[in-house]
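Reader: I have a structure open and I'd like to talk it through. Can we take it piece by piece?

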Amino acid sequence: MSSVLNNQILDIKKPSAREWLYFLLIILIPNLILLGICYTYNFARPLVNTDYLVCLCLLLIPNRWVRAVGLLGFAIAILLDITMLIMQVVPMVDLGALVSLAAFLGDAPTEYIALTAFLVVYIIAMSGFVLFLSKRKHFTRELYIIPIILIISFFIKDIKYSGSPNYEGVMGRSNHFVINSQFSLMDQMLTTGWFKAMNTTPTLIPYPTVSPNDSNIKLDRAITHFTQPTSNKILFVIVESLAGYRNPQIITDLTSPIAAHSDKLEYLETGDFATVNSNTIGGEMRELCNKAIKGGYAFRRLDAQEFADCIPNQMLKQGYQTTSLVGVNGRFVDYIYWYPKAGFQKSWFLDSFANNLRHCQVFHGVCDTEIPKIIAQEVFQPNQPKQFVYWLTLTAHAPYHLEDLTQPNPNVSCEKYKINENTETCRNIKLNGQLFRAISTIIDQPNMKGVEVVMVGDYKAPIYDYNEEDYLIYKPELAVSWVHFKIK
């Protein structure tokens, strides 16, 4: 057999133009189709997935068993590639979860069944297409080009064609690599960082009252600014990356659309305070439960007693109807598990909102500009005497997509603050300016009469461009801003 193999190796024919065309099609077609989907839905994916090249090596070897292994590997590579895209929309759903959910496919909505059927047909059709193009009677020079490409890809795999090179997006949202392996990227994601944290049981400890860096710096919570006695209608908003600013004009301009309705307000006040957390879930725990987090974020593993003292549970005891809204999938950060434990009777997640609402770049969630009208028209109701409504905003999340700035706040000007327009800092400020403008549009709504509104940042906006001197813009000690007003 070895002599036959040696003869085949020696009998290398110069590839014809058609063979070169087939070779290029095998490499390009699987990548181009999924890149087209990425372009349409703003997913992140390498331009070239090297998993297909590894399988192509096997498909070009003239042995049916080796080719069979290559074909199976190609089908699995397609499935992994698609799974990496799905995880950007439905966080925490890995390949294992998809396999487990397959048992319940018969009970799924028609749309899900149709999508699954399409994916199965696509995998079979693409695998068959590649098998057809890869048929050869002899080894050809293309086979030796693939290892060279793979070796080169190893040294350039960290080069990105889009986005900040320092930004590590959650669930593959920053995988804008020129060439990389989706299998390798999935393995990294499942065993490190966010996904690992989501499978690590957290420990909730009392939120500190002073900074661990300086005992003279007092820590605070926006929740302490609620009017006493407590208002019957409360809207509590945790604002994505609303930092404490050194220039007070910034928060003045951000809130100017609300201040323009001063005749409809009992009061409007702003401020900021230092914090110790560095992410959104930390900000939520600080404000809602007066807790800090040690460990991971697998809140589904915690007993309900851990959340007994959270504000929503306290509100329930006082007869309030409690509602939460967040425009992403409820599986993200275990919201579907810990929100009810914290005391929310009803929660709005991605699938709770109407399909015709605009979705933004961050996790393809419902845009912040869409949710205020939902709160004013559907959540707050005159027949409910006491309501506590909590909203976690989303659109101003890093890396601060400028294409989501559809309703800018006209009073926000980075030039005025001497901030470069082409920076992450500027984009973040503009996106939060848009949020305050959206909030101002519901002040005149009938259902909003008498509602007390408290808005606070979850954490200081992270800046991934090392060239930005963001320390000149933001206050130290991870300061966040808060805004408090009440509608007459």
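Reader: Is strand 4 mostly covered or mostly open?
Author: Strand 4, residues 233–239, is mostly covered: seven of its seven residues are buried. Buried means under 20% relative accessible area, exposed means over 50%, and partly exposed is in between, using a 1.4 Å probe and protein chains only. Strands (E, at least two residues) and helices (H or I, at least four) are DSSP runs, numbered from the N terminus. This is a predicted model, where local features need pLDDT of at least 70, side-chain atom pairs count only at pLDDT 80 or more, and totals for chains, interfaces and linings use all residues. Residues are numbered from 1 along each chain as its sequence is written, and side-chain values use heavy atoms, leaving out hydrogens and water.

Reader: Which way do the side chains of strand 4 point?
Author: Lys233, Leu235, Val237 and Val239 point one way. Ile234, Phe236 and Ile238 point the other way. In a regular strand, side chains alternate between the two faces of the sheet.

Reader: Which strands are joined to strand 4?
Author: Strand 9 (residues 387–392) is joined to strand 4 by six bridges, and the two run parallel. Strand 10 (residues 451–457) is joined to strand 4 by seven bridges, also parallel. Two strands pair if DSSP finds at least two bridges between them.

Reader: How many strands form the open sheet?
Author: Seven, in the order 5-11-10-4-9-7-8, with mixed pairing. The edge strands are strand 5 (265–273) and strand 8 (346–348), and each pairs on one side only. Neighbouring strands are turned by 15° against each other on average, direction ignored.

Reader: What does helix 16 touch on the sheet?
Author: Helix 16 (residues 424–440) touches strand 4, strand 9, strand 10 and strand 11 (480–487). Its direction makes about 175° with that of strand 10. Contact means heavy atoms within 4.5 Å. Axes are lines fitted to C-alpha atoms, for helices over the stretch in contact, and angles run from 0 to 180 degrees between N-to-C directions.

Reader: New topic. How do helix 12 and helix 14 cross?
Author: The axes of helix 12 (residues 280–289) and helix 14 (residues 335–342) come within 13 Å and cross at roughly 10°. The two helices are therefore roughly parallel to each other. Angles under 35 degrees count as roughly parallel, over 145 as roughly antiparallel, 65 to 115 as roughly perpendicular, and the rest as oblique.

Reader: Which residues make that contact?
Author: Helix 12 brings Ile281, Glu284, Met285 and Leu288. Helix 14 brings Tyr335, Trp338 and Tyr339.

Reader: How many disulfides are there?
Author: A search of the whole structure finds three. A disulfide is a pair of cysteine sulfur atoms within 2.5 Å. One of them joins Cys289 and Cys310, with sulfur atoms 1.9 Å apart. The torsion about that S-S bond is about 105°, so the disulfide is right-handed. Both Cys289 and Cys310 are buried.

Reader: What about Cys414 and Cys426?
Author: Cys414 and Cys426 form a disulfide, with sulfur atoms 2.1 Å apart. Cys414 is in the loop between strand 9 and helix 16, and Cys426 is in helix 16, 12 residues apart.
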